[in-house]
Amino acid sequence: MSHPVEKPKIGNYHRHLLLCTGTRCTQDGAAQALFDSLGEKFKAAGLDQGELRVKRSRVNCFAACKGGPVMCVQPDGTWYYNVTPDNMDRIIEQHFVGGQPVQDLVFHQGPSS
């Protein structure tokens, strides 16, 4: 007897951050450590809830492996490289809170919604 599949639920969010944690982006685990730090960073910036909430997801590979860690922000279509902890702090402050991409870290700007 098959059971009905339960429909998943996701809370509302303003932006969705996709961070590559694959070994081709960073072999030393730095991207995973960065991902693991985001909960506290988002809470400190007020991005863990409310209208500016940022959802975060790990991605294994974007096939854009140079200059990692690499990150994509949707629905903005903004792609960042060299996302170190310090650069992430800049992205949080300038892009997620202030609404302006950090241009010196952007390597591609896709279509936005």
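**Close-up views of the predicted model**

**View 1**
P69 is found in the loop between β2 and β3, where strands (E, at least two residues) and helices (H or I, at least four) are DSSP runs numbered from the N terminus. The model is predicted, with local features needing pLDDT of at least 70 and side-chain atom pairs pLDDT 80 or more, whereas totals for chains, interfaces and linings use all residues. Residues are numbered from 1 along each chain as its sequence is written, and side-chain values use heavy atoms, leaving out hydrogens and water. The peptide bond that leads from G68 into P69 is cis, and its omega lies near 0 degrees. A63 belongs to the loop between β2 and β3 as well, and although A63 is not a glycine, its phi is positive, near 60 degrees.

**View 2**
The C-alpha trace spans about 55 × 30 × 30 Å along its principal axes. The five strands form an open sheet of mixed pairing, in the order β2-β1-β3-β4-β5, where two strands pair if DSSP finds at least two bridges between them. Because β2 and β5 (106-109) stand at the edges with a single partner strand each, one side of each has no neighbour in the sheet.

**View 3. Strand β1 between β2 and β3.**
With β2 (residues 54-59), strand β1 (residues 15-20) runs parallel, and six bridges join the two. Across to β3, L19 has M71 as its bridge partner, while H16 is partnered by Q74.

**View 4. The hairpin of β3 and β4.**
Strands β3 and β4 pair in the antiparallel sense, and three bridges link them; among the residues involved, C72 has its bridge partner W79 in β4. Three residues lie between the strands of this hairpin, in which G77 adopts a positive phi near 75 degrees. P75 also lies in the loop between β3 and β4, and the peptide bond that joins Q74 to P75 is cis, with omega about 10 degrees.

**View 5. Two helices and the sheet.**
Helix α1 lies across β1 and β2, and its direction is at about 170 degrees to that of β2; angles run from 0 to 180 degrees between N-to-C directions, along lines fitted to C-alpha atoms, for helices over the stretch in contact. Helix α2 (residues 85-97) packs on the sheet, where it touches β1, β2, β3 and β4 (78-80), and its direction makes about 15 degrees with that of β3. Contact means heavy atoms within 4.5 Å.

**View 6. Where α1 meets α2.**
The axes of α1 and α2 come within 11 Å of each other, and they cross at roughly 40 degrees. On the side of α1, the residues in this contact are L34, L38, K41, F42 and A45, and they meet P85, M88, D89, I92, F96 and V97 of α2.
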